[in-house]
Amino acid sequence: MVTEPLAPPRAAGADEAAIWAALGDVHDPEIPTISIVDLGVVRSVELSAAAVRIELLPTFVGCPAIELIVAGVRDRVATLVPDRPVEVEISFAEPWTTERITPEGRDALRRSGFAPPLPASPPGAPIALTGAVPCPFCGSRRTVLENPFGPTACRSIRYCTDCRQPFEQFKTV
Amino acid sequence: MTVGDALLPATRSSLEILLLAMADDEFVIGFGDSEWTGIAPLLEEDVAMSSLAQDELGHARALYELLASVVDDGRSADAIAYDRPPEGYYHARLLDHERGDWATAIARRYLYETADATRLEALAGSSFVPLRDLVAKIRREERYHLMHAEAWLERLAGAEGEPRERLLRAWGRLAPDAATVLGPLPGELSLEMSGIADATSAVLDARWRAAIRPMLERLRLPAPPPATEATAGRTAHSAAFRDLWSEFTAVRLSEPGATW
């Protein structure tokens, strides 16, 4: 009988795909419904012999949750790759836009009563405020914008005139 | 090797001045507007002004961080933001007025946001890539700020009686200082020559005036006069700013070097 040696702690699965999968467990504390991967906040994951390097795109420049997200990423990836440093960089190399939210992320937002953003308009173009945003509760398109500004930088407040329910929408950027 | 090393010394020093001016502008208007939290005329505006202020402070933080990486003298973004006496701040005089009434807040926001939009547009193709990237992100957020300022200016200017009268009084106080946002910066020619900005202040001032003219004519508001003593537009701050400075440095000064 051959005794298998115990696998080293990170021998299995510590590739970039496994790190992406692990990042699916990390959430923006202000949008806990979807992971930072579905939110489109993770720009890149690079695994080398020396380190793991992860680039994050903040949803808003002044997002107060970004430091918590960085700490969450570092902690989660360190459990997967304990033998090398985890470097997390906040990047503006490309702007995070609401187009980066995945279809799965949009569905998850809707299911939690949080309307997904409208399609983004290019900078300089008027912001679409009157587009038909379906109510995440009853599906009615008869909803109105109450306030483009909401409880966090990334949210607007809308109101459904059919089911009379106020709801939040991801601010389109 | 830092982000500023590839620049000529004169260009680097002009870039530092530009970043300081932009960061201080966003920082001071952000702190000033945060004073509306809880006392705005509508609940919706408590939320809106708080959110606007949070955005501006976020932009200031990112600009101070970029400045810290260019200056590279060991100071953090927080140290640059907080550890200066009031006379060391370099924001435009437009932001030096006391908080005033709601019409003052709206006039200030409109005049500042329109000038800032012109400034950001001039940096959209900047040869200094970290600034170009940050500006691209900031502009996506500033669209909401412009929309808010324009909607309220329209509302106050279009209402007969007290709202319009208050707006006109505020306009009379603030408009003479509006041009200080786009006033000349020391060494600005090297910003244009190096492609960091696409034009110098005189051109930006003309672009800004052309951009706001249609709305001001429609609302029967006088165009802001040209800046007087333009080069002093970012120094010699007011007593109202010293009061604001005491507020925003209070926590930091209570325990220097503390982290939390």
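User: To start, what does the secondary structure of chain A come to?

Analyst: Keep in mind that this is a predicted model. Chain A has three helices and nine strands. Going from the N terminus, the elements run α-β-β-β-β-α-β-α-β-β-β-β.

User: And how much of chain A counts as buried?

Analyst: 33% of its 173 residues. As for contacts in chain A between residues at least 6 apart in sequence, 52% of them join residues at least 24 apart.

User: Which strands sit in the open sheet with mixed pairing, and in what order?

Analyst: Four strands of chain A, ordered S6-S9-S8-S7. The edges are S6 (114-115) and S7 (143-147), each of which pairs on one side only.

User: How many bridges join S7(A) to S8(A), and do they run parallel or antiparallel?

Analyst: Four bridges, and the two strands run antiparallel; S8(A) covers residues 155-160. If you want a spot to look at, Val144(A) stands opposite Tyr159(A) in S8(A). In general, strands of a sheet pair through backbone hydrogen bonds, either parallel or antiparallel.

User: OK, switching to the interface. How many residues does each chain put into the contact?

Analyst: Chain B gives 22 residues and chain A gives 15. On the chain B side, the elements that supply two or more residues are helix H2 (43-71) and helix H5 (129-158). That side of chain B splits into nine nonpolar, four polar and nine charged residues.

User: How do the axes of H2(B) and H5(B) cross?

Analyst: At roughly 165°, and they come within 11 Å. Angles over 145 degrees count as roughly antiparallel, so H2(B) is roughly antiparallel to H5(B). The crossing is left-handed.

User: Which residues make that contact?

Analyst: From H2(B) you have Ala48(B), Leu52(B), Asp55(B), His59(B), Ala62(B) and Leu66(B). H5(B) answers with Pro130(B), Leu131(B), Leu134(B), Ile138(B), Glu141(B), His145(B) and His148(B). By class, the H2(B) contact with H5(B) has eight nonpolar, three polar and two charged residues.

User: What about H4(B) and H6(B), at what angle do they pack?

Analyst: About 40°, with the axes 8 Å apart; H4(B) spans residues 102-122 and H6(B) residues 162-178. That angle makes H4(B) oblique to H6(B). H4(B) passes H6(B) in a right-handed crossing.

User: Who meets whom there, between H4(B) and H6(B)?

Analyst: H4(B) brings Ala103(B), Thr104(B), Ala107(B), Arg108(B), Leu111(B) and Ala115(B). Among the H6(B) residues they meet are Pro163(B), Arg166(B), Leu167(B), Trp171(B) and Leu174(B). The class count for this contact is eleven nonpolar, one polar and two charged.

User: Last topic, backbone angles. Which residue of chain A has a positive phi although it is not a glycine?

Analyst: Arg164(A), at about 55°. Most residues other than glycine have a negative phi. Arg164(A) is in the loop between S8(A) and strand S9 (166-170) of chain A.

User: Is Arg164(A) buried or exposed?

Analyst: Exposed, because 10 other C-beta atoms lie within 10 Å and 12 or fewer counts as exposed.

User: And in chain B, which non-glycine has a positive phi?

Analyst: Ala236(B) has one, also about 55°. Ala236(B) lies in the loop between helix H8 (201-218) and helix H9 (239-254) of chain B. Ala236(B) counts as exposed, with 10 C-beta neighbours inside 10 Å.

Definitions and conventions:
Residues are numbered from 1 along each chain as its sequence is written. Chains are lettered from A and ligands numbered from 1 in the order in which they are written. This is a predicted model: local features need pLDDT of at least 70, side-chain atom pairs count only at pLDDT 80 or more; totals for chains, interfaces and linings use all residues. Two strands pair if DSSP finds at least two bridges between them. Two residues are in contact if their C-beta atoms, placed from the backbone, lie within 7 Å. Ala, Val, Leu, Ile, Met, Phe, Trp, Tyr, Cys and Pro count as nonpolar, Asp, Glu, Lys and Arg as charged, and the others, Gly among them, as polar. A residue is buried if 20 or more other C-beta atoms lie within 10 Å of its own, exposed if 12 or fewer, and partly exposed in between; C-beta atoms are placed from the backbone. Axes are lines fitted to C-alpha atoms, for helices over the stretch in contact, and angles run from 0 to 180 degrees between N-to-C directions. Angles under 35 degrees count as roughly parallel, over 145 as roughly antiparallel, 65 to 115 as roughly perpendicular and the rest as oblique. A crossing is left-handed if the near helix is turned anticlockwise from the far one by less than a right angle, and right-handed if clockwise.
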